[in-house]
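This report describes selected features of a structure, from recorded annotations to helix packing and individual residues. Please consult the sequence and coordinates alongside the text.

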Amino acid sequence: MDHDAPTVLCLDAITKRFGKLVANDAISFSLRKGEVVALLGENGAGKTTLMNILFGQYTADSGSVEVFGNPLPPGNSRAALDAGVGMVHQHFTLADNMSVLENIILGTRSLFVPRLDINAARDRIKELSETFQLAISPDEKVGNLTVGERQRVEILKALYRDVRILILDEPTAVLTPQETNDLFATLKQAIANGLSIIFISHKLHEVMAISDRVVVLRHGKLVGSVNTTDTNKQALAAMMMGANATPPNIAPATTGAPLLVLENVSTPNIGTAPGLKSISLALKAGQIIGLAGVSGNGQAPLADIVGGVHFPHTGTISLNGKTIQKWTPREAVKNGIARIPEDRHKTGTVSDFDLTENAILERYVGAPFSKGGWLNWRKSRLFAKDIIAKYDVRCPGPDTPIRLLSGGNMQKLILGRVLEADPKIVLANQPVRGLDIGAVNYVHSQLLAARDRGAAILLISEDLDEIIALSDIIHVIADGQLSPAFLRNQMSPAELGIWMSGQGFDTGVAHAS
Amino acid sequence: MEIIDILLSASFWAAAIRIASPLIFATLGELICERAGVLNLGIEGIMVAGAFAGWMAVYSGTGLWIGVGTAMLVGMLFGLLHSTLTVPFGLSQHVVGLGVTLLATSATYYAYRLALPEVTSPPKIQAFQPWDIPLLSDIPLLGPALFSQTPFTYLAFILVLVVSLVLYRTPLGLAVRAAGENPAAVAAQGLSVTAIRMGAVIIGSGFMAMGGAFLTMSAFDSFFFEMVNGRGWICIALVVFGSWKPGKALLGAVLFAAFDALQIRVQQTSLAADIPYQIFLMMPYILSILALVLMSRRAQVPAALMVPFNKGER
């Protein structure tokens with residue numbers, strides 16, 4: 001990075017309020033040619049708001065933006081694009097039923113020219129995708145693409161317009177590690193071609209890997225701007241979190257009796273997703289079992305069996321020593337199984353229901369939330385209020401539709417909902433996906449507290465750091481097979497990674513104790 | 001046997017094309033609205049208003065094509081009302097649409113009474129006359145069916161081609177389709193979703209009104225109450241039947257019209273001796289429902305149909 005490079009973008013004292021909330025409080029920073037600036041901050045710190053102002057989707061209450069020395073008119077995406085600013089949104093803005101090419105050329109020519117020049121556009125897209133290592137076939141429907149490929153289309157949309165400044169909002173949140181590496185290669189290529197990049201993230205290791213400079217936001221304020229070479233992860237985390245960001249302490253586990261035991265359980269393959277291949281697993285009181293593995297290797301069928309959604313075709317399940325004959329979600333809940341589902345939006349909550357309704361979603365039948373077929377709203381509301389207070393769910397009140405909550409607060413409500421029932425078994429499927437560090441530490445401490453109360457916990461996660469930090473026992477799942485049990489600190493991340501890639505299973509030790 | 005005779009007669013196919021023409025206009029109109037993401041249930045009322053406006057313009061002395069233009073303009077005004085309420089204000093498209101239908105229908109009947117307070121039977125106008133296309137109209141069967149129609153019918157077929165080309169071959173059509181698939185994608189490319197959607201609804205409503213005007217200016221030569229008679233609702237189904245594609249929608253309109261033309265003729269055959277005529281009246285609708293069930297399973301609904309878009313909303 002050339003430190004004398006010209007400034008291409010300058011934000012001056014940007015302030016934006018939503019009602020009482022000050023989302024951006026007089027934020028100023030600048031970007032030089034060929035530079036990657038990481039915009040770091042927790043969820044709700046104001047990063048996306050700031051970039052939406054830059055890209056003309058919101059209008060700032062005060063402050064100004066200059067691009068290449070010219071003031072940028074506020075609230076006008078077209079002006080931002082014309083000035084050479086492109087944005088890759090966190091939630092992709094693509095039309096699924098249209099082709100890659102159509103998505104890219106949309107709006108790039110005046111609406112009133114008589115025809116689309118499809119062939120010229122296709123050639124240019126091919127040329128760009130070669131230059132920037134963005135493999136894509138222009139005539140494929142976007143709906144058929146993987147998440148990583150869709151992101152490439154988003155980047156191509158910006159490059160096709162010859163943008164000079166590229167904003168990426170949490171680009172790695174949806175990518176696999178391999179796809180993240182590909183993205184970084186593309187970004188380096190873009191820098192080599194003279195672009196400047198603003199990279200929004202709350203993942204510290206990525207910020208350290210890709211950026212030249214880090215700008216940190218906290219509660220809408222700019223709290224620091226440092227060269228990446230002059231800082232480290234700990235310092236950045238401290239800046240981002242304010243009060244220190246220590247993960248919870250972990251006391252040694254006192255393991256009790258087995259509660260839920262799966263023996264030689266198999267399920268059929270579904271499409272290309274492997275089913276379980278004769279898995280045996282015992283969830284014991286006071287113990288966290290971590291299930292490591294790349295998503296789609298059998299985690300879903302296993303979670304469905306533990307959560308009562310499916311009954312296995314072969315093999316047996318026993319609960320507290322008794323073999324289960326009938327197994328439904330309601331049976332599972334009745335038997336003290338708490339479920340934190342993988343997708344809190346789709347299966348964890350009903351987004352237009354309010355917090356009260358969501359809080360009683362699993363237990364509205366019978367006492368204490370209904371009697372004689374009538375719901376007891378008073379008790380239900382008290383329960384919701386109780387969760388809100390105890391689990392620090394930031395919200396206007398129990399009557400708020402849950403879709404208005406941030407991911408972290410939604411997850412806290414789910415956590416409260418299941419843990420307040422004093423569960424014996426907790427199924428935590430990707431419990432911290434998409435949450436910021438503060439919320440992650442909170443969820444982890446609650447899971448540990450449940451363990452110390454004597455609950456058996458099955459933690460399913462793609463994040464190996466999380467598995468290693470929390471689990472008393474680690475199993476790796478790959479292609480529907482379960483590795484032997486590894487004790488805490490027995491295996492290094494690299495060794496677990498080898499199991500995750502599917503090696504080691506063919507040695508005949510696949511059945512765990 | 002008698003049915004085969006009917007199907008092989010030029011007059012049957014000519015009637016089918018004639019019956020299809022108003023449906024083609026209105027179906028195209030609805031299709032444009034829905035492709036941009038707005039369901040326009042004002043269609044039935046806008047057709048009534050168009051039928052009256054075109055006829056009234058000609059009755060008061062303008063030329064036929066000015067009459068068509070007047071009908072279109074009136075339709076576009078109702079489209080402006082509909083789109084103002086549904087697009088920038090984001091109101092329920094169902095409620096607004098039905099409201100526009102009620103308003104347009106009642107306002108038309110009111111205007112009719114104001115314009116012609118004394119008459120018992122509505123006056124006739126000199127409607128569009130069939131215009132034989134040289135050479136083509138001499139082709140056996142096909143000629144009289146397709147090429148001895150009124151210019152208003154030819155316009156319907158030309159419009160299918162034009163709408164198809166605009167939707168699939170121009171930047172404007174791309175923007176309209178994208179607005180119906182994911183308005184956020186349109187906004188992110190610096191275009192105005194509001195302008196595109198309102199424009200589509202206004203133009204689409206203009207086409208609906210032309211469909212209504214066809215009834216009073218080409219199919220018949222006068223205006224009656226209830227003359228639109230549910231054709232607007234049929235067009236909404238035809239859009240689904242056509243999987244939101246102009247060519248397929250044209251096919252659906254002709255198919256429905258053929259059923260309709262067929263049932264009138266079957267009523268005059270020996271079959272009618274044993275079967276009550278109501279059964280024949282039902283036939284086009286029943287066959288349409290069956291066709292709809294079969295076709296709509298693979299239909300491609302615009303993903304953002306009936307989803308309002310507000311800039312800057314999370």
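## Strand assignment and Ser201(A)

Strands here are DSSP runs of at least two residues, numbered from the N terminus. On that basis, Ser201(A) belongs to strand S8 of chain A, which covers residues 196–201. The model is a predicted one.

The relative accessible area of Ser201(A) is 1%. Because buried means under 20% relative accessible area, Ser201(A) is buried. Apart from neighbours within four places in sequence, Ser201(A) has contacts with Leu39(A), Leu40(A), Gly41(A), Lys47(A), Glu170(A), Glu206(A) and Val207(A).

## Recorded annotations

For chain A, an unreviewed UniProt entry places the feature "domain: ABC transporter" at residues 9–244 and 260–504. Over residues 260–504 of chain A, the model has 33% helix and 23% strand, with the end C-alpha atoms 26 Å apart.

For chain B, the UniProt annotation "transmembrane region", also from an unreviewed entry, covers residues 6–26, 38–58, 64–83, 95–112, 151–168, 198–217 and 278–296. Among these spans, residues 6–26 of chain B are 90% helix and 0% strand, and their end C-alpha atoms lie 28 Å apart. Residues 278–296 of chain B are 95% helix and 0% strand, with a distance of 27 Å between the end C-alpha atoms.

## Helix pairs in chain B

Helix H3 (residues 43–59) and helix H5 (residues 93–115) of chain B have axes that come within 6 Å and cross at roughly 25 degrees. H3(B) and H5(B) are therefore roughly parallel to each other, and their crossing is left-handed. On H3(B), the contact involves Ile43(B), Glu44(B), Gly45(B), Ile46(B), Val48(B), Ala49(B), Phe52(B), Trp55(B) and Met56(B). On H5(B), it involves Val100(B), Thr101(B), Ala104(B), Thr105(B), Thr108(B), Tyr109(B), Ala111(B), Tyr112(B) and Ala115(B). By class, the residues of this contact comprise 13 nonpolar, four polar and one charged.

A second pair is formed by H2(B) and helix H12 (residues 246–266) of chain B, whose axes come within 7 Å and cross at roughly 140 degrees. H2(B) and H12(B) are therefore oblique to each other, and the crossing is right-handed. The contact of H2(B) with H12(B) comprises 21 nonpolar, two polar and two charged residues.

## Helix H8 of chain B

Helix H8 (residues 171–181) of chain B is mostly covered, with 10 of its 11 residues buried. The buried residues of H8(B) are Pro171(B), Gly173(B), Leu174(B), Ala175(B), Val176(B), Arg177(B), Ala178(B), Ala179(B), Gly180(B) and Glu181(B).

Packing around these buried residues involves both chains: chain A contributes helix H3 (100–105), while chain B contributes helix H2 (10–35), helix H7 (151–169), helix H9 (183–188) and helix H10 (193–219).

## Positive phi values in loops

Most residues other than glycine have a negative phi. Asp392(A) has a positive phi, near 55 degrees. Asp392(A) occupies the loop between helix H13 (377–390) and helix H14 (407–419) of chain A, and is partly exposed, with a relative accessible area of 35%.

In chain B, Leu135(B) likewise has a positive phi, near 70 degrees. Leu135(B) is located in the loop between H5 and helix H6 (142–146) of chain B. With a relative accessibility of 70%, Leu135(B) counts as exposed.

Key. Residues numbered from 1 in each chain as written. Chains lettered and ligands numbered in written order. Predicted model: local features only at pLDDT ≥ 70, side-chain atom pairs only at ≥ 80, totals over all residues. Heavy atoms only, no water. UniProt positions renumbered as here; feature names shortened; annotations may be inferred. Helix = DSSP H or I, 4+ residues; strand = E, 2+ residues; numbered from the N terminus. Buried < 20%, exposed > 50% of the residue type's maximum accessible area, 1.4 Å probe, protein only. Contact = heavy atoms within 4.5 Å. Axes fitted to C-alpha atoms, helices over the stretch in contact; angles between N-to-C directions. Parallel < 35°, antiparallel > 145°, perpendicular 65-115°, else oblique. Left-handed = near helix turned anticlockwise from the far one by under 90°. Nonpolar A, V, L, I, M, F, W, Y, C, P; charged D, E, K, R; others polar.
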